Amino acid sequence: MHNYGERTLTLVRGEGNYVWDDRGHRYLDAISGIAVCGLGHCHPKVTEALQEQANTLLHVSNLYNIPPQQQLADRLVFLSGMDNVFFSNSGAEANEAAIKLARKLGNERGLVTPQIVVMEGAFHGRTLATLTATGNEKAQQGFAPLPEGFLRVPFNDVQAIENLAQQHSDIVAILLEPIQGEGGVRVPDTDYLKQLRTLCDRHDWLLMLDEIQTGNGRSGRMFAYQHADIVPDVLTTAKGLGNGVPIGACLARGKAAGLFTAGSHGSTFGGNPLACRAGLAVLETLQGEWLIERTEKLGEQLLHSLRMRLGDCPGVVDIRGQGLMIGIELNHPCAELVERAREQALLINVTAGNVVRLLPPLTLTDEECQQLANDVSTLIQQFTPQAV
Ligand SMILES: *Cc1c(COP(=O)(O)O)cnc(C)c1O
């Protein structure tokens, strides 16, 4: 179908922090398949686990116990402070599970239309429910009727939610990204999550965090909420968990953990042996190679270098991020920069129209990190938008 528009680059091979196109050209990959290949391409630990599992058992369905699924669940529960896990195949499906948990709670409370508070600028996926939770009218255009049960407020605005609470007695949950990804790498105030945690406790709402992009070490913690010293009630993750093998997870804690009962929810592929072996290899490698600590350090270096180089650059509005999730906001659209970066053997991304987004592998070397800062700075300094 035509939903991806025209694609002008063909990638055929990857190794470490680089990919190669069909003409043999090499690129430094500073987008990692949109925050998926955190360990870089074809990491030997992941490849080995996949090969072994492919020789053992690929799929049996959730009619049966699956040892790697149990092991990955135990590991995720241990790392996140949550109680239990539902495995899906994608981020959107993990969020669907979260939305169903909130609605289940609302239904148990006897509410006719339980409401979930969501944010302007949010991205939660492309299924009907997650598209409705997404704060992007252009993405929703043409897909009416959208499901009801969502209330939208500005991101990073606690008072707006307090005000909503005065008008609505049927709110059951807040769903948000700790750092907005597609919305432009928006980092909220440091005490924002803590205040939302308090608000949710006071009203008996679920705090549901979408860490599909920020999770699995990307922010310099295993999960970004760990910077804020809180624990959510529901946590979703996906992208970086399988390093390229499709897998998602919805985790729940406390009262949210017991909402699904036998038959409430399910998936044919979710949590299959292959995907779970990939997830286990990723988590073991992130910890075994101290990559999360390194990500925090590299992220600080990258932000610092970019701010040194671009702080006074005309057109640059803001340089922000956490860990290896960095956004450079310009005061004009800059989608053309993607193509110009390619000409310099570099893969980057532009999101929200005017934000250059960097999501390099967490395995970036110090030299590659410096090169990335230099190349991106030069590109932006030389960039003058084409007259419209
Ligand atoms: C990518 C993303 C999703 C959707 O994940 P898919 O695997 O594409 O369905 C949801 N939420 C956030 C924050 C994301 O970055």
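**View 1. Lining of the largest cavity in the predicted model.** Sorted by class, the residues around the largest cavity comprise 2 nonpolar, 5 polar and 1 charged. They are Ala 35, Gly 38, Gln 213, Gly 215, Asn 216, Arg 218, Gly 240 and Leu 362. The space inside the largest cavity amounts to about 50 Å³. With a threshold of 30 Å³ or more, the count is 1 cavity.

**View 2. Ser 219 in the loop between strands E8 and E9.** Strand E8 covers 206-210 and strand E9 covers 234-237, with Ser 219 in the loop between them. Ser 219 has a relative accessibility of 1% and therefore counts as buried, the limit being under 20%. When neighbours within four places in sequence are set aside, the contacts of Ser 219 are Thr 214, Ala 224, His 227, Gln 322 and Gly 323.

**View 3. The hairpin of strands E2 and E3.** Strand E2 (residues 18-21) and strand E3 (residues 26-29) run antiparallel and are joined by 3 bridges. Val 19 has Tyr 27 in E3 as its bridge partner. The hairpin has 4 residues between E2 and E3. In the turn, Gly 24 shows a positive phi of about 90°.

**View 4. Pairing of strand E3 with strand E13.** E13 consists of residues 346-347 and pairs with E3 in the parallel sense, over 2 bridges. Opposite Leu 28 stands Leu 346 of E13. In a regular strand, side chains alternate between the two faces of the sheet.

How values were computed
Residues numbered from 1 in each chain as written. Predicted model: local features only at pLDDT ≥ 70, side-chain atom pairs only at ≥ 80, totals over all residues. Heavy atoms only, no water. Pairing = 2+ DSSP bridges. Buried < 20%, exposed > 50% of the residue type's maximum accessible area, 1.4 Å probe, protein only. Contact = heavy atoms within 4.5 Å. 1 Å grid on protein atoms, 1.4 Å probe; cavity = no way out; pocket = protein on both sides within 12 Å on 5 of 7 lines; lining within 4 Å. Points joined across faces, edges and corners; volume = space filled by probe spheres on them. Nonpolar A, V, L, I, M, F, W, Y, C, P; charged D, E, K, R; others polar.
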